[in-house]
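Here is a short briefing on a protein model. Look through the sequence and the structure, then read the points below.

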Amino acid sequence: MSPHPRRARSALASWLVASAVLLSPWLAPQAIAAGKKTITAVMHSDLRVIDPGFTTAYITRDHGYMVYDTLVATDANFKIQPQMADWKVSDDKLTYTFTLRDGLRWHDGTDVTAEDCVASLKRWGRNDGMGQKLMDFTASLEAPDAKTIVLKLKEPYGLVLESIGKPSSYVPFMMPKRLAETPQGQQIAEQIGSGPFKFVKAEFQPGVKAVYEKNTDYVPRKEPASWTAGGKVVKVDRVEWITMPDAQTAANALQSGDIDFMEAPPYELLSVLEANPELKTEVLNKFGYQTLGRMNFLNPPFDNVKVRRAAFLALNQKDVLDALVGNPKYQKICGAVFVCGTPLETDVGAETLIKGNGMAEAKKALAESGYDGTPIAIMAPGDVIALKAQPIVSAQLLREAGFKVDLQATDWQTVVTRRASQKPVKEGGWNMFFTNWVGADVANPVANVSVGGRGTKGGWFGWAEDADIEKLRDAYARSSSPEEQKKIATEIQKLNYERVIYVPLGQYLQPSVWRKTLTGVLDGPATPIFWNIEKKE
């Protein structure tokens with residue numbers, strides 16, 4: 001049975017009062033937006049970093065899909081489709097020519113040009129794993145006229161379109177040249193895209209809410225919406241992302257109708273929400289997530305592979321998944337670096353992770369590693385349901401193995417910012433953090449940035465440097481044989497576990513819940529997305 005509406009609204013009011021100084025800013029725009037059809041959503045995380053080329057955090061990716069668009073996109077059949085541009089490929093497979101479609105305008109009213117898109121691709125290619133690999137194979141990337149983008153390769157490369165059309169972080173979003181040319185390491189100064197929504201800067205309050213309005217100048221494609229491809233038809237006036245740190249309060253607000261959508265409700269509340277006939281529960285990302293631990297290769301003690309190996313042996317997937325999910329329906333022990341259920345699935349090197357039988361060996365390995373008792377600084381965000389359990393469980397397992405652990409309570413946006421620091425721990429650096437990837441982001445050696453070995457020269461947070469793995473990733477990129485690709489991926493996985501590049505800690509599914517007044521909610525590997533949704537008042 002649904003809670004009494006008055007009681008639910010009282011719970012919502014209590015949350016607002018607890019954020020006293022933020023109360024008025026949250027309420028005032030509601031009056032301003034009176035009469036406008038608005039979707040109100042509680043997302044999986046607060047939004048603070050709003051540059052989608054600066055972090056792989058999914059809340060920032062989700063923000064990116066609201067504001068920006070892509071040249072090409074992936075549909076529900078895993079096919080790359082035109083989005084901002086069509087393309088043709090030369091007979092020798094060395095030249096890709098993209099032609100921008102008509103009607104593309106930036107939110108500031110100026111026309112989208114090919115020069116803007118070239119600058120955007122180059123920025124993406126510096127930051128993203130697939131982008132970096134594509135740029136390694138690229139001879140030139142130019143804009144011969146205002147509507148034409150020409151990418152020339154040094155040699156044939158089979159993942160050009162899959163790279164530019166990748167659905168998840170980092171997404172190759174297009175932005176004006178002046179923003180795309182922001183110096184590396186700095187965030188862009190404006191949120192000017194060409195996407196289906198406009199970011200309302202005046203109403204953005206980190207820790208409270210983010211607001212988007214329909215871009216009335218946006219010209220959708222004519223094809224039906226499918227994953228991140230097709231017609232992005234906006235059917236409401238506004239979307240508001242409301243931050244509610246307390247999940248019970250958010251669930252009460254959802255049941256009472258004070259909010260419309262809850263992206264990531266706690267698993268323990270699902271039975272109550274599923275019993276409410278006014279709500280719909282569904283897993284939108286059918287490929288699920290891989291949760292993982294990442295060590296910092298620059299700071300002791302994890303600059304020592306023997307210490308990393310001892311930590312790896314101490315960890316296991318069952319303990320993490322039981323604490324994170326606790327429901328066999330939504331969790332899966334999986335030793336495959338490149339995700340179970342894909343052609344690259346293998347459990348090579350993962351025995352202790354999947355069987356949980358490595359603790360005795362971990363203690364022995366740590367004693368022989370030269371570990372000097374340096375505390376392990378683990379960042380532990382408490383505000384994101386999908387990231388609370390991993391650091392707590394892992395810290396306990398590491399302590400049991402003999403590590404000293406400094407579990408540092410924080411919020412996720414602090415982790416997102418701090419994990420970019422290469423400083424020593426005493427100066428704000430870190431030793432270990434945990435995160436989740438959607439399956440699409442880790443399904444092969446080129447997409448999976450966690451397994452990369454570029455170090456401080458474009459590598460992912462933690463900065464693992466491994467020339468052997470990079471050579472194998474190049475070989476995978478050149479290969480067109482499924483059998484050879486599987487062999488290469490298996491060798492990469494073997495090295496990943498031996499050298500502990502990162503630690504996959506299992507797979508899981510995350511249901512979302514929304515009021516049945518919303519229809520047309522799309523599934524896909526990068527969800528939720530808010531075009532195509534209708535709202536009945």
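## Cavities, rings and sheets

A search of the whole structure finds three cavities of 30 Å³ or more. A cavity is a set of points, on a 1 Å grid over the protein atoms alone, where a 1.4 Å probe fits but cannot get out. Grid points are joined across faces, edges and corners, and a volume is the space filled by probe spheres set on the points. This is a predicted model: local features need pLDDT of at least 70, side-chain atom pairs count only at pLDDT 80 or more, and totals for chains, interfaces and linings use all residues. Residues are numbered from 1 along each chain as its sequence is written, and side-chain values use heavy atoms, with hydrogens and water left out.

**The largest cavity**

- The largest cavity holds about 280 Å³ of space.
- Its lining has 25 residues, and His44, Tyr58, Tyr289, Asn436 and Tyr508 are the closest to the centre. Lining residues have an atom within 4 Å of a point.
- Helix α3 (58-67) and strand β19 (432-438) each give at least two residues to this lining. Helices (H or I, at least four residues) and strands (E, at least two) are DSSP runs, numbered from the N terminus.
- The lining of the largest cavity splits into 13 nonpolar, eight polar and four charged residues. Ala, Val, Leu, Ile, Met, Phe, Trp, Tyr, Cys and Pro count as nonpolar, Asp, Glu, Lys and Arg as charged, and the others, Gly among them, as polar.

**The second largest cavity**

- The volume of the second largest cavity is about 90 Å³.
- Its lining residues include Pro52, Gly53, Arg123, Trp124, Tyr170 and Phe173.
- Helix α4 (residues 114-127) supplies four residues, the largest share of this lining.
- Six residues of the lining of the second largest cavity are nonpolar, three are polar and one is charged.

**Aromatic pairs**

- Rings of Phe, Tyr and Trp (its six-membered ring) pair if their centres lie within 6.5 Å; planes under 30 degrees apart count as stacked, over 60 as edge-to-face and the rest as tilted. The count by this rule is 26 aromatic pairs.
- Tyrosine 371 and phenylalanine 403 form a tilted pair, because their ring centres are 5.1 Å apart and their planes stand at 55°.
- This pair links distant parts of the chain, 32 residues apart. Tyrosine 371 sits in the loop between α13 (359-368) and β17 (376-381), and phenylalanine 403 in the loop between α14 (389-401) and β18 (405-410).
- Tyrosine 371 is buried, with a relative accessible area of 16%. Phenylalanine 403 is buried too, at 4%. Buried means under 20% relative accessible area (1.4 Å probe, protein chains only).
- The rings of tryptophan 430 and tryptophan 463 have centres 6.0 Å apart and planes at 45°, so this pair is also tilted.
- Tryptophan 430 lies in the loop between α15 (412-418) and β19, and tryptophan 463 in the loop between β19 and α16 (467-478), so the pair ties together parts 33 residues apart in sequence.
- Both tryptophan 430 and tryptophan 463 are buried.
- Ring pairs join a cluster that includes Tyr58, Tyr289, Trp430, Trp463 and Tyr508.

- Strand β15 (residues 289-295) is mostly covered, with seven of its seven residues buried.
- Tyr289, Thr291, Gly293 and Met295 are buried on one face of β15, and Gln290, Leu292 and Arg294 on the other.
- β15 and β19 pair in the antiparallel sense over seven bridges. Two strands pair if DSSP finds at least two bridges between them.
- Threonine 291 has asparagine 436 of β19 as its bridge partner.
- β15 also runs antiparallel to β20 (residues 503-508), joined by four bridges. There, glycine 293 is partnered by valine 503.

**Two open sheets**

- Five bridges join β5 to β6 (residues 95-100), and lysine 88 has threonine 97 in β6 as its bridge partner.
- Another open sheet has seven strands in the order β10-β11-β12-β1-β13-β21-β14, with mixed pairing.
- Four bridges join β1 (residues 38-42) to β12 (residues 238-242), and these strands run parallel. Isoleucine 39 stands opposite valine 239 in β12.

How values were computed
1 Å grid on protein atoms, 1.4 Å probe; cavity = no way out; pocket = protein on both sides within 12 Å on 5 of 7 lines; lining within 4 Å. Buried < 20%, exposed > 50% of the residue type's maximum accessible area, 1.4 Å probe, protein only.
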